[in-house]
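Please examine the structure shown below with its sequence at hand. The paragraphs that follow lead through selected parts of the model in turn.

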Amino acid sequence: MEKIRKKHSFLNVKEKSFLIVAGTILLGMALVITGFPGITIAAGPKVIKIGSIQPATGMIAEIGQACRRGNLLAVEDINARGGIKSMGGAKLELLLGDSEGKPPIGRSEAERLIKNGSVCLVGAFMSSVTMAIATLAEQRGVPFVIDIAAADPITQQGYKHVFRNFTKSSVFGRCYADYIKDIIAHSKVPIKRAVLMNIDDLFGTVTAKFTLKALKDKNVPIDIVAHITFPHAAKDISTEVAKAKAAKPDILIPIVRIASSRVLLKELYKQKVKLLGIVAPGCPGFYEPEFFKDMRKLANFIMDSPPWINPKSSMFKEVNARYQKKFNKGPMDTNSAYAYEGVMIIADALERAKSTEPDKIVAALRKTNIKEHITLGGPIVFDKNGDNPNAITGMLQNLNGRTRLVLPREFAEVDYVFPTPNLWER
Amino acid sequence: MNLTLLIQALIGGFLVGGVYSLIAIGLSLIFGVMKIINFAHGEIMMIAMYITYWLFVLLKIDPIISIIIVAPLIFLLGYCMQRFLVNRIIDAPELIQILLMLGVAIVLTNLALFIWGPDHRMAATRFSLSAIMLGGITIDVSRLIAFGIAIIVSIGVFLFLAKTETGKMIRAAADNRLGAQIVGIKVNRVYAISFGVGSACVGIAGALILPLIPLDPYLGPSYTLTSFIIVILGGMGSLLGAFIGGIIIGVAESLGAVLLVSSLKELVSFSILIVILLFRPQGLFGTRNE
């Protein structure tokens, strides 16, 4: 016993030196892999870090994951094409942050990503979170490209480092009013009465406000006969739908999120609410691939007008094919496509800035003019607030189990069907 | 005010209330016996819903039938939770108990997130879209079935506690733990069974509402909160109180949506909570302790 223990408890000299050598090698390898943080910066960046903050977990994690996939695919594409050529082919690296959909967490994640060497930030889907990050980015002097976030005020703070590619809430409303006018003009049956139903969170109330304002400003000849607000996490909205039914609307204008879209539609079906159509002013919940899986035939004919991909763009077709192959997910939608563009815009600016200095990146971002991209609207440019004035929304309609773009006509894939059959006759 | 709308709201609230009752009975039973507030109650329901969902998707078992499988499984989950976790803190200060139960809730949520991801899932069952029309009033079939089964299960729980030997042991242990121990009742086992039964109740409720609401890992807390309000309204530990409290909250929320602005309907249940706490802190059917 004694002997055995001795054998096991001491290493001989040979073993000791072997361990020292092995340890040194391992440490060296570890340093090489982590990229000698201090040394690489001095030698000019081989890797440029971009911080991506998305709501990857939490209430809207589904969407957050789609945004993250868009960011990741863009980074991969740019690296595959040889990285940032003006900086010796420097590769992009995406640092991943998760806001959990909460502003303070989004902010601290952004802080962490900046500390870890992000030269630019991209994100953050929710307007409240984006606002928190925009303030931080301005303080720290780190350029922030908003891939998705609609609330107008974010870019009205006079910030120098904040740019937004996404459509503003006010533009959502204006486009929607135009599309409704188009539908009214082309419909064979008169459309006079509408019920607006919206969830009561920030997104729901703000969108409702802008929608009502735009319908009024643009003199759309339609009466809002009931305006029903219901809780975001409502377990049961049968009473709300009964209220909507009692108002006898021609069309329903819903502003919902992923979960509530299902509950609403089922309830409309069960209570047999007669409608000429369901036309949403650009909310999530009606066009994701999961929506078709869950609602099947009921998903058909619903119209929604979010910012959208450009189905006619050859670049979109090519990117979308790779997206579907790589992630094994349905076609790219607003979330993944705008997230993709967010990174694309940063890479384009880095290429022209030839530097990772914030001022030079900001100057390059100001001069952005990307003609070929994958979403609706004209070239990506930024105005003095940092907004993209060419960002618009499109009117979509679900037809035969697919979401098709129906308006504006210059981008449209097919013509829309209106009035639509009753839910229970689909 | 439109009368049809009012009747519609009353019926809707009543049907939802029945399911609320079943959820709250589970919570109340656990509290009544062990004096522990199960903050993971909604999460247990969420797990039960996932089991029901997969039974439906993979084996095509209708949620109503899958109750036969889900209830024992969730009973077992509750039983083990009590045996290995809750039992250790049964005499600990309340704060520690709350922390443990919150911890369990977080673990269950993240486990679901890890295994099934954050996607919303919805089971398109046979009845999920059917409704009965009576004049201008719609009665939702899934909700009606959920209500009926919830009532049957609730009565079953009452009978179990009143008539069976185990039920009597549970009541004895709830009334006086030391006394129960002296007459030879294995209190630990009885506690574990109560926790199991309480969990099975909420598990069944989960299976029943699966056709009605989209399932995701985060739906637990709002149900825990609602059942907590119901239990306070009915009286902590009173099963009858939980039953009637559930119906009251269901109807109150539904009427609130008609009579007030609908986004204020949660305000109704919280207002009831505050009024009860101010004027009858022991709840409608609770007895004042000591």
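**A guided reading of the model**

In this predicted model, strand E1 (residues 47-54) of chain A pairs with strand E2 (residues 91-98) of chain A in the parallel sense, over 8 bridges. Within this pairing, Ile53(A) stands opposite Gly97(A) of E2(A). Together with helix H4 (residues 61-80) of chain A, the strands E1(A) and E2(A) make a right-handed β-α-β unit.

The next topic is the contact between the chains. Chain A contributes 30 residues to the contact and chain B contributes 31 residues. On the side of chain A that touches chain B, at least two residues each come from H4, strand E7 (223-230), helix H9 (238-246), helix H10 (258-270) and helix H11 (289-295) of chain A. The greatest share of that side is given by H10(A), with 7 residues. Sorted by class, the side of chain A that touches chain B holds 13 charged, 12 nonpolar and 5 polar residues.

Chain A also contains an open sheet of 7 strands, in the order E7-E6-E8-E9-E10-E11-E12, with mixed pairing. Its edge strands are E7 and strand E12 (402-407) of chain A, each of which pairs on one side only. Strands of a sheet pair through backbone hydrogen bonds, in either a parallel or an antiparallel arrangement. Strand E10 (residues 303-304) and strand E11 (residues 395-399) of chain A pair in the antiparallel sense over 2 bridges. There, Met303(A) has Gln397(A) in E11(A) as its bridge partner. Helix H9(A) packs on the sheet, where H9(A) touches strand E6 (193-199), E7 and strand E8 (251-255) of chain A. The direction of H9(A) makes about 175° with that of E7(A).

In chain B, helix H4 (residues 94-116) has 23 residues. From its first C-alpha to its last, H4(B) reaches 33 Å, close to the 33 Å expected at 1.5 Å a residue. The buried residues in H4(B) include Gln97(B), Met101(B), Ala105(B), Leu108(B), Thr109(B) and Ala112(B). The buried residues of H4(B) pack against helix H2 (41-59) and helix H9 (220-234) of chain B. Just after H4(B), Gly117(B) adopts a positive phi of about 80°.

Technical notes: Residues numbered from 1 in each chain as written. Chains lettered and ligands numbered in written order. Predicted model: local features only at pLDDT ≥ 70, side-chain atom pairs only at ≥ 80, totals over all residues. Pairing = 2+ DSSP bridges. Helix = DSSP H or I, 4+ residues; strand = E, 2+ residues; numbered from the N terminus. Right-handed = clockwise from strand over helix to strand, strands pointing away. Contact = placed C-beta atoms within 7 Å. Nonpolar A, V, L, I, M, F, W, Y, C, P; charged D, E, K, R; others polar. Axes fitted to C-alpha atoms, helices over the stretch in contact; angles between N-to-C directions. Expected span 1.5 Å × (residues − 1). Buried ≥ 20, exposed ≤ 12 C-beta atoms within 10 Å, placed from the backbone.
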